[in-house]
Amino acid sequence: MIRTLRTAVRIGRRRPRGVDLSHPARSPLGSSVVNCVVYQGGQRQRGDCPAAEAIRQVRVGQPKLPKLPVQGAPGGRGARRSGGFVWIGLHEPADEEFAEIAELFGLHPLAVANALQAHQRPKVERYEADTLFAVFKTVRYVEHDQLTATSEIVETGEIMAFVGPDFVITIRHGGHGSLGPVREELESRAELLAHGPAAVLYAIADHVVDDYLAVASAVQDDIDAVEMEVFTQHPAGGSPRRSGQAEEAGRIYQLKRELLELKRAVAPLDRPLHALSNQPSRIVDADVRTYFRHVADRLARVSEQVSSFDELLNSILQASLAQLTVAQNEVLRKISAWVAIIAVPTMLCGLYGMNFDHMPELGWTYGYPALLISLVTLCGLLHRAFRRSGWL
């Protein structure tokens, strides 16, 4: 019941999303191109168009060549700009398709090779004079009714972005991390979108960190639930609950493994965001750097949460293993106590089972009842002593 309420609250806290523009089937352009939109002065221009036509609308006076050099790139003549930019969104593009776009925008071959391969480390790299290549790990919390030792909790994907003076190219890998809501939110904030491609990069980073915060909150609920189960007392008494402690250790270990996925997404992004927020750049102006500082602060909070989660899970795992050891010792004490009780009749019966002629009380009429009474009395005294000492 408690977990159901937590799930409902968590879903209610998520920000509302508009139409999902991330799926290729929604794109009128076909293939892996999700959107190809031109923005002028913070306003979206009507209609989608091919990438070559879009960049020609932005780069005024540029000759109609299949490859257009980037402004300020070595060996290329800077073209006169119209003040706008084009945002091209891709979802898991094929090599041949992305090669055409890379040639059109003059992207660096190493960055292109990294963009086509998933499982990249989060980073922000500068290529040539004024082109940035950013990699963000996206995360999604996998809802589950009950946490098991094999439950998938954190699902990861990737968003890669090429950012230049007049273009943004985003490549998304994975089935989540839609940029449709990011695009819609940006288009509703014309004053921010007027800052150009750097505003898009900020919005993507902000969106990714928002997901980090949401996943961290959901993982904390799982950790709280496991912690409550580990330290729950036995309903009939004050001893720790012993049933299912091995399964609890498996769930804790699975939580640590899934937390490692989140840590791999969060930790490497700290230095790139600080660089974007503090170091002067031709792509990111001073106003947008202020926004990046806000994102970097929130990322630092997530990093602290992940580190504290790891330490807390270590403590919970040690407590669970300690309880398992205590439970095993308790079982061993009970076995030892019963062995000690059984040893008394075994010893006496073994003595009188030997075939000697001269043994005490062999000819006594009440010898057998006296032996039984002695056995019961000794065993009763031992049982009482073990009960009072807590061994039984």
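What follows is a short chat about a few residues in this predicted model.

Colleague: Where does phenylalanine 136 lie?
Modeller: Phenylalanine 136 lies in strand E5, which covers residues 131-141.

Colleague: Buried or exposed?
Modeller: Phenylalanine 136 counts as buried, because its relative accessibility is 0% and the cut-off for buried is under 20%.

Colleague: And what is phenylalanine 136 in contact with, leaving aside neighbours within four places in sequence?
Modeller: With those neighbours left out, phenylalanine 136 is in contact with Gly157, Glu158, Ile159, Leu201, Ile204, Ala205, Val208 and Leu269. As for isoleucine 159, that residue is 23 residues away from phenylalanine 136 in sequence, while the C-alpha to C-alpha distance between the two is 5.1 Å.

Colleague: Changing topic, where is glutamine 120 found?
Modeller: Glutamine 120 is found in the loop that runs between helix H4 (109-116) and strand E4 (123-127).

Colleague: Why does glutamine 120 count as buried?
Modeller: Because its relative accessibility is 13%, and buried means under 20%. Apart from neighbours within four places in sequence, glutamine 120 is in contact with Asn114, Val135, Lys137, Glu158 and Met160; Glu158 is also among the contacts listed for phenylalanine 136.

Colleague: Now the surface: which residues form the negative patch?
Modeller: The negative surface patch is formed by Asp95, Glu96, Glu100 and Glu103. One of these, glutamate 100, is found in helix H3, which spans residues 95-105.

Colleague: Is glutamate 100 buried or exposed?
Modeller: Glutamate 100 is exposed, because its relative accessible area is 57% and exposed means over 50%.

Conventions
Residues are numbered from 1 along each chain as its sequence is written. This is a predicted model: local features need pLDDT of at least 70, side-chain atom pairs count only at pLDDT 80 or more; totals for chains, interfaces and linings use all residues. Side-chain values use heavy atoms; hydrogens and water are left out. Patches are made of residues with over 30% relative accessible area and no salt bridge: like charges are joined within 9 Å, nonpolar side chains (Val, Leu, Ile, Met, Phe, Trp, Tyr) within 5 Å. Accessible areas come from the Shrake-Rupley method with a 1.4 Å probe; for residues, only the protein chains shown count as cover. A salt bridge is a side-chain nitrogen of Lys or Arg within 4 Å of a carboxyl oxygen of Asp or Glu. Lys and Arg count as positive and Asp and Glu as negative; His and the chain ends are not counted. The place of a charge is taken as NZ of Lys, CZ of Arg, CG of Asp or CD of Glu. Helices (H or I, at least four residues) and strands (E, at least two) are DSSP runs, numbered from the N terminus. Buried means under 20% relative accessible area, exposed over 50%, partly exposed in between (1.4 Å probe, protein chains only). Contact means heavy atoms within 4.5 Å.
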